[in-house]
Every structure is written in C-alpha cells, then in structure tokens.
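Hello,

Here is the structure for your files. My notes on the aromatic rings and one surface patch follow below.

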Amino acid sequence: MTLEEVRGKIDAIDPQIKGLLMQRLDCSLEVAKVKAAAGETNIYRADREEAILDRLGEGVPEDRKAGYLAVVRKIMEASRMYQYGLLYDWMDDLFAPLAEGITIKENGTRVRVRLTRENRPNAMSSILSMIGDYGYNMDRMELIEDNKETNTVTFELLILGNLSEKHMKTLMFQLSRESMDFRILENE
C-alpha cells in the first residue's frame, strides 16, 4: 500500500469513529439527566473506570494495548467533562461553596488550588489533561505531600485563567468532584 492509500483508509474510518463518539456522548447526556434528577453531582468513579479499562483491554495485542487504553481513557475523560458541564448548567449554586472565602477578581489571571488524589498511574496526568481540555495552562505545580499510609498525593496548582469565567468555574467544579480534598486557595 502507498501512504496515500493508507491515509485514504484512515479518512474512511474517522467518520465512523465520530459517529460512535457522538452516540457515546448521547449516552453521557442521559447519564447526566439521571444524575441531575437524583441530585447527584459525582460523575467520576475510579473503580468503575478501572474495571472498564480491564474489560476493554482484554484481547488487545500487547504492542497496541497501552495506546488503545490511552484512547479509551481520553474518551472517558471527555465524557466526564461533558457531564460535569451539563450538571453545572442545570443545577444552581454548584460553584458557590467552592468559592467561599475567595474574592473573585473580574480581571484575575491565575487561580491557585490545592487538591488530593489517590496516588495511582494517570492520577495527576488526567488532572493536567483536564486543565488543558478546558483551554487553560498551568503556571506551576508543586507536590505538597506524598502520603504513603493513605496512598494519596497532594498538589498545589497555579492555573492561568480568570475565575470569573464560566469555563473556569466548571473546571473548578469538576476538579472538586474528582479530588478527595479540593480547595481554591487564591484568585490572583
């Protein structure tokens, strides 16, 4: 096969993938509706996602497994982001408790947060990916504690962006739900 022929095959596959991803997001919409109706705001379940990854990884050749599972993880991350955004739009005052004691500056340029997560593969890379998916960059990330007893890590992050923006508030909401402990420390 020539390079052009291979690219032609890829170009034919991509619309099929798009269709399946849209169907999956339709299912994510339905999950968000059910959760909102129940007053539930937690989307992320690490144990469920790990079981899904184990199941979907079965039978995948070893030379493709890491890449395949990386794509599946990204699909799950995108699904969660979509669902959290829907919940944020549908449910009043999800951000208010997160901002208690914080002055939100209309022209702020950085948000400093502290969060704790289970210390496992992809725990922090998914946070960094999430920040980028919302369209923000990091200025700094500092490990505050690596607790061997609880198998958790605590980080302080300085995110470039304005806390008065809806997208940043939605990111803060998702970070709060996907962390064991989450606090907005400062809006600079």
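Ring pairs join Tyr-84, Tyr-88 and Phe-173 into a cluster. Rings of Phe, Tyr and Trp (its six-membered ring) pair if their centres lie within 6.5 Å; planes under 30 degrees apart are stacked, over 60 edge-to-face, the rest tilted. The model is predicted: local features need pLDDT of at least 70, side-chain atom pairs count only at pLDDT 80 or more, and totals for chains, interfaces and linings use all residues. Residues are numbered from 1 along each chain as its sequence is written, and side-chain values use heavy atoms, with hydrogens and water left out.

A search of the whole structure gives two aromatic pairs. Tyr-84 and Phe-173 are edge-to-face, 5.5 Å centre to centre with 85° between the planes. Tyr-84 sits in helix H3 (residues 62-90) and Phe-173 in helix H5 (residues 166-177), so this pair ties together parts 89 residues apart in sequence. Helices are DSSP runs (H or I, at least four residues), numbered from the N terminus.

Tyr-88 and Phe-173 have ring centres 6.3 Å apart and planes at 45°, so that pair is tilted. Tyr-88 is in helix H3 and Phe-173 in helix H5, 85 residues apart. Both Tyr-88 and Phe-173 are buried (under 20% relative accessible area; exposed is over 50%, partly exposed in between; 1.4 Å probe, protein chains only). Tyr-84 is buried too, at 0% relative accessibility.

Now the surface. Ile-13, Ile-17, Leu-21 and Met-22 make a nonpolar patch of about 320 Å² (residues with over 30% relative accessible area and no salt bridge, nonpolar side chains joined within 5 Å, like charges within 9 Å; a salt bridge is a side-chain nitrogen of Lys or Arg within 4 Å of a carboxyl oxygen of Asp or Glu). Met-22 lies in helix H1 (residues 3-37). Met-22 is partly exposed, at 42% relative accessible area.

Best wishes

Note on methods. Areas by Shrake-Rupley, 256 points an atom, 1.4 Å probe, with all protein chains shown as cover. Helix = DSSP H or I, 4+ residues; strand = E, 2+ residues; numbered from the N terminus.
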